[in-house]
Amino acid sequence: ATIDPDIPLAEQMTNAARSAGRTQPELLADIAIDAFECESLLDRVPRPMSRGERQICSILITVSAPVIALSLVDPTAGLDGRRRQVAVDLFAELASDRPIAVASDDVGFASYRQ
């Protein structure tokens, strides 16, 4: 997902959902917020955030709209170990019923098989 550095995360998530014809972000976005423990990011703009926080923003914006297929480039870049595992689990769940292509130098993530 493309992140606008000057628009609060929650607004970007809502915009992603609306662009897909939804009135609110998908339930998966709420699940991801809880899993990443990142509710404090929702009212913030991404510009001053760390690389890992911006990565989480990108993931949340992506899962705010219905996901049919995904193409991921370094989806765990900048994430600490716990949040990396959250991302792995989240994308593994998504991969259970839709195609996901991954380009990553994170060998553990790229080689994950469900």
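I looked up the pair Glu37 and Arg82 and found a salt bridge, with the closest N and O atoms 3.8 Å apart. I count a salt bridge when a side-chain nitrogen of Lys or Arg lies within 4 Å of a carboxyl oxygen of Asp or Glu. The pair links distant parts of the chain, with Glu37 in the loop between H2 and H3 and Arg82 in helix H4, 45 residues apart. Helices (H or I, at least four residues) and strands (E, at least two) are DSSP runs, numbered from the N terminus.

I note the source: this is a predicted model, in which local features need pLDDT of at least 70 and side-chain atom pairs count only at pLDDT 80 or more, while totals for chains, interfaces and linings use all residues. Residues are numbered from 1 along each chain as its sequence is written, and side-chain values use heavy atoms, with hydrogens and water left out.

I checked accessibility for both partners. Glu37 counts as exposed because its relative accessibility is 57%, and Arg82 counts as partly exposed because its value is 38%. The classes are buried for under 20% relative accessible area, exposed for over 50% and partly exposed in between (1.4 Å probe, protein chains only).

I then read the backbone at Glu37. Its phi is near 50 degrees, a positive value in a residue other than glycine. The loop that holds Glu37 runs between helix H2 (27-36) and helix H3 (51-62). Asp74 also has a positive phi, near 45 degrees, and is not glycine. I place Asp74 in the loop between strand E1 (70-73) and helix H4 (81-95). Asp74 is partly exposed, because its relative accessibility is 29%.

I searched the whole structure for salt bridges and got six. One of them joins the side chains of Asp6 and Arg47, at 2.6 Å from N to O. Asp6 sits in the segment before helix H1 (9-19) and Arg47 in the loop between H2 and H3, so this pair ties together parts 41 residues apart in sequence. Asp6 is partly exposed at 47% relative accessibility, and Arg47 is exposed at 51%.

Another salt bridge joins Glu26 and Arg22, whose closest N and O atoms are 3.0 Å apart. Glu26 is partly exposed at 22% relative accessibility. Arg22 is also partly exposed, at 39%.

I turned to the packing of H2 and H4. Their axes are 10 Å apart and the angle is about 155 degrees. Axes are lines fitted to C-alpha atoms, for helices over the stretch in contact, and angles run from 0 to 180 degrees between N-to-C directions. H2 and H4 are therefore roughly antiparallel (under 35 degrees counts as roughly parallel, over 145 as roughly antiparallel, 65 to 115 as roughly perpendicular and the rest as oblique).

I listed the residues in this contact, taking contact as heavy atoms within 4.5 Å. H2 and H4 meet through Leu28, Ala32, Ala35 and Phe36 of H2 and Arg82, Arg83, Val86, Ala87, Leu90 and Leu94 of H4. These divide into eight nonpolar, no polar and two charged (nonpolar: Ala, Val, Leu, Ile, Met, Phe, Trp, Tyr, Cys and Pro; charged: Asp, Glu, Lys and Arg; polar: the others, Gly among them).
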